[in-house]
Amino acid sequence: MKKIIISMIPLFFLCSASMSMAEKSDIKKHWASAESSVIAGDEQSALEQLKAKMPTYIGIDNCKVCHMPHFDSWVTTRMSKAFDLLKPGVRTKAKREVGLDPNRDYTKAPECIHCHTTGYGKPGGFVSVEKTPEMIDVQCEMCHGPGSLYAEMMLKKRGTYTRNDFMKVGGMTMPSADNNVCTQQCHNQNSPFISSGFEFKFEDRKASGTHRHDIKYIDMPFDW
Ligand code: HEC
Ligand code: HEC
Ligand code: HEC
């Protein structure tokens, strides 16, 4: 049975040529959950079901309702100001040193914004400052993954949280020194400011670039 499923994947993707690369890679990621519909033989309905099951980006306002202490400490980090760096006249010396034009507005440059905003090019993610001003900067979902399914589930569950809910049902991620979420997505040489000898020190960055890590459910600021 597994073989049949795998051999059907290319057909499945051909049927949906209008999809973006990001959508296709998200679908691949969530493929496992579509297996049963595909086995039932209706590819189009499997595709629809799968799209409905795929998490989308919802923005930090939808996280902070439950995670205010994380939000308050994230605001003090450079991650919460990452978008400003793309504006003209900001960090002029550093930009000049790596051959960028310090007077250019990079806030619309696709080659920059995919690392300085949240979910660029993906469902629910950053489009432009005019259309999605709430998706600027490196927010929770850049590190933990798109949160629509997880947040909806959490709002319903009331009090019975498990790590499995977060990872499997919600489809979220926990960056670690081993899974390379940080270096694969952003802290790599596609950034004009990162050169070949660069070493990403996970524990140091976790301490300075994320949020406080001493908050447990019991400290959550409301009657959840
Ligand atoms: C309805 C409330 C609610 C919403 C909305 C919510 N969370 Fe949570 N989240 C929780 C609770 C409760 C926990 C469990 C905390 C604990 O046990 O310490 C949790 C845990 C987490 C964890 C830790 C997972 C683990 O297994 O250690 C992360 C990361 C997280 N949330 C991120 C987010 C992000 C990102 C968003 C926005 C997309 C979000 N949360 C929205 C309530 C919520
Ligand atoms: C692959 C992801 C990625 C891309 C693409 C990217 N950046 Fe960044 N940028 C980063 C990261 C990560 C840092 C922080 C580097 C560090 O602290 O190690 C950063 C830092 C910066 C800084 C601060 C540098 C300093 O030393 O003060 C500026 C300014 C900046 N980026 C502008 C840009 C511009 C303009 C572009 C497009 C031409 C761009 N970035 C493209 C990831 C990226
Ligand atoms: C720059 C990346 C980054 C951003 C942005 C970020 N986190 Fe995290 N988060 C992490 C890392 C790294 C861990 C810890 C992983 C570990 O210790 O294994 C973590 C852990 C957590 C945990 C588990 C408990 C803890 O405190 O360690 C929760 C809850 C959480 N994050 C929620 C959030 C919320 C809510 C936001 C947005 C306000 C957010 N995170 C933004 C990287 C990030």
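Predicted model: local features only at pLDDT ≥ 70, side-chain atom pairs only at ≥ 80, totals over all residues.
# Reasoning through contacts, burial and ligand shells

Student: What makes lysine 93 and glutamate 97 a salt bridge?
Tutor: The closest N and O atoms of lysine 93 and glutamate 97 are 3.4 Å apart. The cut-off between a Lys or Arg side-chain nitrogen and an Asp or Glu carboxyl oxygen is 4 Å, so lysine 93 and glutamate 97 qualify as a salt bridge. Both residues are exposed.

Student: How many salt bridges does this rule give?
Tutor: Six salt bridges come out of the count. One of these is formed by lysine 64 and aspartate 61.

Student: Why does the pair of lysine 64 and aspartate 61 count as a salt bridge?
Tutor: The closest N and O atoms of lysine 64 and aspartate 61 are 3.5 Å apart, and the rule asks for a distance within 4 Å. The pair therefore passes. Both residues belong to helix 5 (residues 61-64), three residues apart, which is about one turn of the helix.

Student: Why is lysine 64 called partly exposed?
Tutor: Its relative accessibility is 25%. Buried means under 20% and exposed means over 50%, so lysine 64, at 25%, is partly exposed. Aspartate 61 is also in between, because its relative accessibility is 45%.

Student: How do you know that aspartate 214 forms a salt bridge with arginine 212?
Tutor: Their closest N and O atoms are 2.9 Å apart, and that distance is within the 4 Å limit.

Student: Why is serine 80 called buried?
Tutor: Serine 80 has a relative accessible area of 11%. Buried means under 20%, so serine 80 is buried. You will find serine 80 in the loop between helix 6 and helix 7.

Student: What makes the approach of serine 80 to the backbone oxygen of threonine 77 a polar contact?
Tutor: A polar atom of the serine 80 side chain lies 2.8 Å from that backbone oxygen. The distance limit for a polar contact is 3.5 Å, so this pair is inside it. The side chains of serine 80 and lysine 81 are also joined by a polar contact, of 3.4 Å. Leaving out residues up to four places away in sequence, serine 80 touches Trp74, Val75 and Asp137.

Student: Why does proline 88 count as partly exposed?
Tutor: The relative accessible area of proline 88 is 40%. That value is between the 20% and 50% limits, so proline 88 is partly exposed. Proline 88 lies in the loop between helix 6 and helix 7 (92-97). The C-alpha atoms of proline 88 and proline 102 are 5.9 Å apart, although 14 residues separate them along the chain. Beyond four places in sequence, proline 88 touches Pro102, Asn103, Arg104 and Asp105.

Student: Which residues come nearest to ligand 2?
Tutor: Of the 21 residues around ligand 2, Arg91, Cys112, Cys115, His116 and Arg205 come nearest. An N or O atom in the side chain of arginine 91 is 2.6 Å from an oxygen atom of ligand 2. By class, this shell has 10 nonpolar, six polar and five charged residues.

Student: How do you know that lysine 206 makes a polar contact with an oxygen atom of ligand 3?
Tutor: A polar side-chain atom of lysine 206 lies 2.7 Å from that oxygen. The limit is 3.5 Å, so the pair is a polar contact. The elements giving two or more residues to the shell around ligand 3 are helix 6 (68-74), helix 9 (140-144) and helix 13 (202-209). This shell divides into 10 nonpolar, eight polar and two charged residues.

Definitions and conventions: Residues numbered from 1 in each chain as written. Chains lettered and ligands numbered in written order. Heavy atoms only, no water. Polar contact = N/O pair within 3.5 Å; in protein donor to acceptor, adjacent residues only side chain to side chain. Helix = DSSP H or I, 4+ residues; strand = E, 2+ residues; numbered from the N terminus. Nonpolar A, V, L, I, M, F, W, Y, C, P; charged D, E, K, R; others polar. Buried < 20%, exposed > 50% of the residue type's maximum accessible area, 1.4 Å probe, protein only. Contact = heavy atoms within 4.5 Å. Near = heavy atom within 4 Å.
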